[in-house]
Every structure is written in structure tokens, then in C-alpha cells.
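This report is for a reader meeting the structure for the first time. Please keep the sequence and the 3D view at hand while reading.

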Amino acid sequence: MAASWLKDAVFYEIYPQSFRDTNGDGIGDFNGIIEKLPYIKSLGCNAVWMNPCYDSPFRDAGYDIRDHKKVAQRYGTEEDLVRLFEEAHKLGIRILLDLVPGHTSETHPWFLESAREEENQFSDRYIWTANAFCGGDGMPFIGGEHPRDAAYIINFFKCQPALNYGYRDIHDPSWQQPIDAPGPLANREAMKDIMRYWLDRGCDGFRVDMADSLVKNDHGTKSATMEVWKDIAGAIHAEYPEAALVSEWNNPEQALGCGFDMDFMLDWGGNGYNRLMRFYQLDKKGNILSDNSYFKLESDADITGFLRDYPYDAWKDLGQRCMITGNHDTKRASFNLNDRERRLAYAMILTMPGAPYIYYGDEIGMRYRWLPTKEGGYHRTGSRTPMQWDNSKNLGFSGAEEEKLYLPVDPAADAPTVAAQEADPDSMLNFVRGLIALRRSREDLSNCSPFAVYSAEAGSRLFAYKRGRLLVAVNPGREALTLELDGAYAPVYTLGHSRIRGNTLVLDSQSFTILSPAE
Ligand code: NOJ
């Protein structure tokens with residue numbers, strides 16, 4: 001049984017370095033998030049996922065953890081974090097931390113111990129090859145850095161050695177271990193221990209980084225990685241029934257099938273989500289060469305590219321598949337979609353099954369900016385700029401001098417801010433609020449209420465779906481379209497122009513509507 005609060009959870013993702021700086025050092029902090037909790041509540045969000053906030057050399061923005069049980073000084077103290085949990089709970093907001101089980105920083109004491117020549121209790125906690133010259137059996141590896149006569153497998157950047165959860169298909173038993181070897185089992189226990197540590201301090205669960213890749217040579221079915229998660233998630237759910245786990249996996253049958261409550265639909269080139277909002281090609285300078293995203297006005301894409309990747313019946317009884325406006329790894333939606341196109345996209349995201357996740361700043365239409373890389377961000381850096389609160393210094397993010405800011409704030413004269421949009425009933429901010437309020441007010445739109453495709457023809461720009469008894473329809477294109485209705489309906493929500501003529505719904509260009517059966 002999943003945590004009871006997940007049935008109507010709407011999440012807000014916070015990148016802590018860029019949200020709100022209260023001590024003037026130019027970097028966001030826990031106290032800044034506490035200060036802005038009422039704002040998060042005002043959006044209608046009742047849950048937060050915060051990116052890693054642990055001690056780290058920040059070669060990958062904190063996804064390179066040096067000490068899992070110590071918060072990074074730049075965000076405050078453990079007491080501040082616990083206060084964040086408490087203050088959030090007072091407002092009915094849950095907080096998920098980021099769990100990074102697959103790797104640590106190369107400066108983590110576990111790794112430094114395992115890199116020693118003499119065998120010790122950490123020797124098998126990472127994946128070391130047979131000797132310094134034998135290669136990594138197809139996995140990326142680093143050799144020549146440590147006294148131990150072996151190379152080690154990395155998970156992502158060079159600074160992120162892979163923790164050893166074992167191999168499913170063992171090609172070389174001299175160094176590849178089964179998943180129930182002592183090293184891999186110790187890593188599972190270490191992760192449970194870390195999760196308990198933060199759950200005991202008041203966090204409400206975890207977003208789990210690269211959850212699908214723990215066991216190596218586990219292609220296809222991921223049966224061994226699933227076995228590992230059944231163990232870890234099973235233990236945590238048994239001890240903390242109200243804790244929630246969301247996976248970075250992008251395969252709901254697998255992820256939900258091994259104990260995750262939610263799985264993200266991620267932006268992977270050409271997949272269903274990518275085809276909705278980010279199906280573009282760039283030139284070397286980052287200019288958009290072509291864009292056939294479904295929500296682009298001039299695109300000719302139909303919704304079948306999305307639906308091929310959305311086999312709802314396959315996972316509907318297992319848990320939630322979650323859609324995102326974006327995240328700290330994607331370009332912001334504002335990079336290629338204009339205000340109207342984004343509203344249509346968000347209208348769909350906020351009316352689909354599964355808890356939706358809003359990436360901070362998307363609700364005011366913050367821009368993507370091409371910026372020099374920061375802490376391993378590269379092209380992701382431009383989506384990680386400071387939140388834009390108002391027109392005061394640094395757009396209300398920080399009182400620090402400009403050159404001390406974690407990243408520069410948007411210098412544009414018309415940079416969107418929360419304060420300006422609060423005052424405008426037609427703003428993106430109030431649009432997002434309105435949709436979340438509608439989602440909350442209608443049981444049919446809640447996270448686990450049924451979904452069924454109503455109309456999704458190849459070659460057509462129209463997409464219509466049922467949520468419970470409600471009928472939702474969107475036309476992102478230029479031409480007006482019609483839809484035959486299966487009964488008498490009345491509109492409960494409209495964006496753009498649409499009308500009912502007898503048994504026909506007419507959707508003008510770039511419109512969206514939600515219809516309810518007429519009483
Ligand atoms: C996925 C995270 O979302 C990303 O930001 C990070 O760089 C990698 N995993 C490595 O942890």
C-alpha cells in the first residue's frame with residue numbers, strides 16, 4: 001500500500017542552490033525554502049522534491065555525495081533541514097530528499113578506503129576490475145589513479161565511482177560479483193540505513209537517482225535490479241508506511257513492479273514525453289533547426305508518438321507514472337514553446353494521471369539561458385538559474401553582490417517574476433494555480449482516477465481522453481477541429497475557444513477544454 005497522501009499529491013521540484021538565499025552568500029539555503037513554503041502552498045502544491053543537499057565537492061551539483069548523513073554547509077545545518085520538514089508539515093507539505101544509491105563522490109571515505117592496496121571492509125563496495133589494465137567489460141572505467149591494482153567502474157562523470165550492487169550476467173567472475181555477494185549486500189544495507197536516518201528526522205521519502213542501473217549487465221528485464229529494489233523498498237515501506245519513493249527509471253512496469261510508488265516519465269530523445277514538448281533539433285550553436293513537438297503550433301505531430309510510450313493499462317494498478325513540466329536535467333519548456341504552447345502542454349500534464357511535478361520557475365515561465373557550465377551542469381546550467389521573486393536586488397533571490405551569485409539571474413528587462421504575476425489574473429502563475437485548484441477540486445482528475453483514450457487518430461492534431469467521467473480535449477494546431485461526443489456534456493474549463501454544437505465539440509486553434517457530463 002502506497003503512502004495515503006500520494007493520491008492527491010502535486011509536487012514542486014526545488015533546486016536548493018537557486019531557490020532563495022537568506023544569508024547573503026549568493027547560494028540558496030534551507031531557510032530560504034522555509035521562507036517560501038507559503039508560496040509553494042499558494043500554488044496548490046502539497047509536496048516538494050529537493051535535489052541533493054548533502055556534503056559534496058559539487059562536481060555534479062551534489063549528485064557526487066561525500067557524506068550522506070551530513071548536509072552541505074552552504075544550505076545550512078541539519079537543524080535547519082529538520083525545521084524545514086517541520087514547517088512544511090505544518091502547512092500540509094511533504095518533502096522528498098534525493099537519494100543517490102548508484103554512486104558516490106570519488107572523495108567519499110568509503111571509496112578512498114576501497115581504493116587502498118590492502119584489502120579492507122570497503123574493498124568490494126565499489127566495482128574494481130581484475131587489474132589496472134583489463135578494461136571494464138563495456139562499462140566506463142578509470143584506471144591509474146589509485147594504489148589498488150585495478151580500475152574502477154564509473155556511473156556517470158569521472159568523479160562518480162559506481163557502488164557495487166553486483167552483476168546479473170557475469171562475464172568475468174574474477175571481478176564481477178553476484179548480487180548477493182557481501183559487498184553488494186552491504187551497499188543495500190547502507191542505503192536502507194541512510195534512508196532511515198533521514199526518515200527518522202522527518203523527511204517523507206526520496207526521489208531515487210538512476211534507480212534502474214544499480215546491477216550491471218542487467219539488460220532488458222532488469223530482473224536483478226528489481227530484486228535489489230524489492231529488498232530496499234520493501235524494508236522501507238514496511239517500517240515507514242507513509243514514506244514515498246519516486247524513481248528515475250522511466251519504465252513504470254519495472255519500477256512500480258519492484259516497490260516504487262511513482263516513476264517519472266523522463267525526457268529521453270524521441271520518447272513519448274520528448275515528442276510532446278522537446279522534439280527539436282539544434283545546430284552547433286544551440287539554435288533550433290526544426291521542432292516537431294506535439295504542442296508546437298506549426299508542428300504536424302499527432303499524439304500517437306506519446307501514446308506508444310504510455311501503455312496505461314500495463315501499469316495502472318501498480319502505482320503512478322508522473323509527468324513533469326521539466327527538471328534540472330532538461331532545458332526549460334520556455335526554450336522552444338511560447339506562452340500559449342506551454343499553457344496547452346501544462347493543461348495536459350496537470351490533467352493526466354499520476355502526481356504531476358512542476359519544476360521551480362516553470363510556473364512563471366522562467367527562461368532557459370545559455371550559460372557557461374557550473375558544477376557539471378553543461379547544457380543543464382541554463383535551467384538552474386535563480387528563482388525570480390520580485391524586482392528587488394537579484395530579483396529577490398539574494399542580497400549578495402552579483403558576482404557572488406551561484407548563477408546569474410535573468411538580466412532581461414521583462415524577466416518574469418512572482419510578484420508581477422501575482423497581480424495579473426491572466427499570468428502563467430495564476431493559470432497554473434487555476435489548473436491545480438481544478439485538479440484538486442475534482443476527484444475525477446486526481447492522481448489515480450482512471451484514464452482512457454477517447455480520440456487519438458494518426459495524422460490528427462486532436463487528442464481527447466477521459467478522466468473518470470470527465471472528457472478532456474486539446475487541439476494544439478492551427479486548424480479548428482471537431483470531435484463527436486458520446487453524450488451530453490457541459491464545459492467546466494476552457495482555454496482558447498471551443499463550443500458544443502449538438503453532439504459535436506468544436507475546438508478552435510490552440511484550445512483545450514474539460515467537459516463534464518450534463519446532469
Ligand atoms: C540524474 C540526475 O538527475 C542528474 O542531475 C545527475 O547528473 C545524474 N543522475 C548523476 O547522478
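## The ligand and its surroundings

The model is predicted. Its ligand is surrounded by D60, Y63, H103, F156, R207, D209, M210, E248, H328, D329, R380 and R384. By residue type, this shell divides into seven charged, two polar and three nonpolar residues.

For D329, a polar side-chain atom lies 2.5 Å from a ligand oxygen. For H328, the distance from a polar side-chain atom to an oxygen of the ligand is 2.8 Å. In R207, an N or O atom of the side chain is 3.0 Å from a ligand oxygen. On its own the ligand has 300 Å² of accessible area, and the protein covers 98% of it.

## Aromatic pairs

How many aromatic pairs does a search of the whole structure find? The search gives 36. A pair of aromatic rings is described by how far apart the centres are and by the angle between the planes.

One of the pairs is formed by F111 and Y152, with 4.8 Å from centre to centre and 65 degrees between the planes, an edge-to-face arrangement. F111 belongs to helix α4 (residues 109–114) and Y152 to strand β7 (residues 152–153), so the pair links distant parts of the chain, 41 residues apart. Both residues, F111 and Y152, are buried. F451 and Y465 make another pair: the ring centres are 5.7 Å apart and the planes meet at 45 degrees, so this pair is tilted. Because F451 lies in strand β15 (residues 451–455) and Y465 in strand β16 (residues 463–467), the pair ties together parts 14 residues apart in sequence. F451 and Y465 are both buried.

## A ring cluster and charges over rings

F451 and Y465 also belong to a cluster.

The charged end of K36 sits over the ring of W389, at 4.1 Å from the ring's centre. K374 lies over the face of Y406, and here the distance to the ring centre is 5.0 Å.

Is T104 buried or exposed? T104 has a relative accessible area of 0%, so it is buried. It is placed in the loop between β5 (94–99) and α4. The side chain of T104 is joined to that of Y126 by a polar contact of 2.8 Å.

S398 is in the loop between β14 (357–359) and α12 (418–422). Its relative accessible area is 3%, and S398 is therefore buried. A polar contact of 2.6 Å joins the side chain of S398 to the side chain of D21.

## Helix α11

Helix α11 covers residues 339–349, and nine of its eleven residues are buried. The buried residues in α11 are E341, R342, R343, L344, A345, Y346, A347, M348 and I349. At the start of this helix, a side-chain oxygen of N338 comes to within 3.2 Å of the backbone nitrogen of R340.

R342 is one of the residues of helix α11. With a relative accessible area of 8%, R342 counts as buried because the cut-off is under 20%.

## Separations along the chain and in space

R342 also gives an example of a separation in sequence and in space. R342 and E119 are 223 residues apart in sequence, and their C-alpha atoms are 55 Å apart.

E239 is in helix α6 (residues 223–239), and it counts as partly exposed because its relative accessibility is 39%. Between E239 and C448, 209 residues apart along the chain, the C-alpha separation is 24 Å. The side chain of E239 is joined to that of R196 by a polar contact of 2.7 Å.

Conventions. Residues are numbered from 1 along each chain as its sequence is written. This is a predicted model: local features need pLDDT of at least 70, side-chain atom pairs count only at pLDDT 80 or more; totals for chains, interfaces and linings use all residues. Side-chain values use heavy atoms; hydrogens and water are left out. A residue is near a molecule or strand if one of its heavy atoms lies within 4 Å of it. A polar contact is a pair of N or O atoms within 3.5 Å; within protein, one must be able to donate a hydrogen and the other to accept it, and residues adjacent in sequence count only if both atoms are side-chain atoms. Accessible areas come from the Shrake-Rupley method with a 1.4 Å probe; for residues, only the protein chains shown count as cover. Ala, Val, Leu, Ile, Met, Phe, Trp, Tyr, Cys and Pro count as nonpolar, Asp, Glu, Lys and Arg as charged, and the others, Gly among them, as polar. Rings of Phe, Tyr and Trp (its six-membered ring) pair if their centres lie within 6.5 Å; planes under 30 degrees apart count as stacked, over 60 as edge-to-face and the rest as tilted. Helices (H or I, at least four residues) and strands (E, at least two) are DSSP runs, numbered from the N terminus. Buried means under 20% relative accessible area, exposed over 50%, partly exposed in between (1.4 Å probe, protein chains only). A charge sits over a ring if NZ of Lys or CZ of Arg is within 6 Å of the ring centre and within 35 degrees of the ring normal.
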